[in-house]
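Try each task before you read its solution.

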Amino acid sequence: MGPSAGSAGATTGLSTGWWMGGGSAPASDLASIRRLLHDLREAVYVIRGGNSFAVAQGGMAQMGGDEPQLELAGQAGGQAFPVLGY
């Protein structure tokens with residue numbers, strides 16, 4: 001099951017930034033994660049979605065700082081996920 005809807009919420013200091021998918025959705029199933037990690041042409045983000053980890057490509061990342069205001073980032077109606085690895 002993928003990350004839950006709504007804000008991913010604050011982290012406990014482990015986040016290096018925020019990932020916003022735009023039209024891209026994070027992957028949390030093993031087959032999709034494996035496919036994304038083997039694609040060396042694209043950047044890969046390890047994110048926290050709800051209480052689990054997921055992997056994402058595409059979208060937009062903001063490294064550092066507080067959770068972005070999605071409307072200002074051009075992501076109105078979207079969701080920001082904490083980035084744990086890049």
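**Exercise 1. The salt bridge**

With which residue does Asp-39 form a salt bridge, and how far apart are the closest N and O atoms? Please bear in mind that this is a predicted model.

Solution. Start from the carboxyl oxygens of Asp-39 and look for a side-chain nitrogen of Lys or Arg within 4 Å. The partner is Arg-41, and the closest N and O atoms are 3.1 Å apart. A search of the whole structure finds one salt bridge.

Asp-39 has 18% relative accessibility, so Asp-39 counts as buried, the cut-off being under 20%. Arg-41 reaches 74% and therefore counts as exposed.

**Exercise 2. The order of elements**

List the helices and strands of the protein chain from the N terminus on.

Solution. Count first: there are one helix and five strands.

**Exercise 3. The partners of S5**

Find how strands S1 and S2 pair with S5.

Solution. Take S1 first, which covers residues 17-20 and pairs with S5 in the antiparallel sense over four bridges. To place the pairing, find Gly-17, whose bridge partner in S5 is Val-83.

Now turn to S2, residues 45-49, which runs antiparallel to S5 and is joined to S5 by two bridges. Here Val-46 has Gly-85 as its bridge partner in S5.

Finally, check the cover of S5 itself, which spans residues 80-85: five of its six residues are buried.

**Exercise 4. The aromatic pairs**

Find the aromatic pairs and decide whether each is stacked, edge-to-face or tilted.

Solution. There are two aromatic pairs to find. In one, Trp-19 and Phe-81 lie 6.0 Å centre to centre with 40 degrees between the planes, a tilted pair. Trp-19 is in S1 and Phe-81 in S5, 62 residues apart, and the pair links distant parts of the chain. Both Trp-19 and Phe-81 are buried.

In the other, the ring centres of Tyr-45 and Tyr-86 are 5.1 Å apart and the planes meet at 45 degrees, so this pair is tilted. It too links distant parts of the chain, with Tyr-45 in S2 and Tyr-86 in the segment after S5, 41 residues apart. Tyr-45, at 9% relative accessibility, counts as buried, whereas Tyr-86, at 65%, is exposed.

**Exercise 5. The whole chain**

What share of the 86 residues counts as buried?

Solution. The share is 34%. As for contacts with a separation of 6 or more, 70% are between residues 24 or more positions apart.

Key. Residues are numbered from 1 along each chain as its sequence is written. This is a predicted model: local features need pLDDT of at least 70, side-chain atom pairs count only at pLDDT 80 or more; totals for chains, interfaces and linings use all residues. Side-chain values use heavy atoms; hydrogens and water are left out. Buried means under 20% relative accessible area, exposed over 50%, partly exposed in between (1.4 Å probe, protein chains only). Contact means heavy atoms within 4.5 Å. Two strands pair if DSSP finds at least two bridges between them. Rings of Phe, Tyr and Trp (its six-membered ring) pair if their centres lie within 6.5 Å; planes under 30 degrees apart count as stacked, over 60 as edge-to-face and the rest as tilted.
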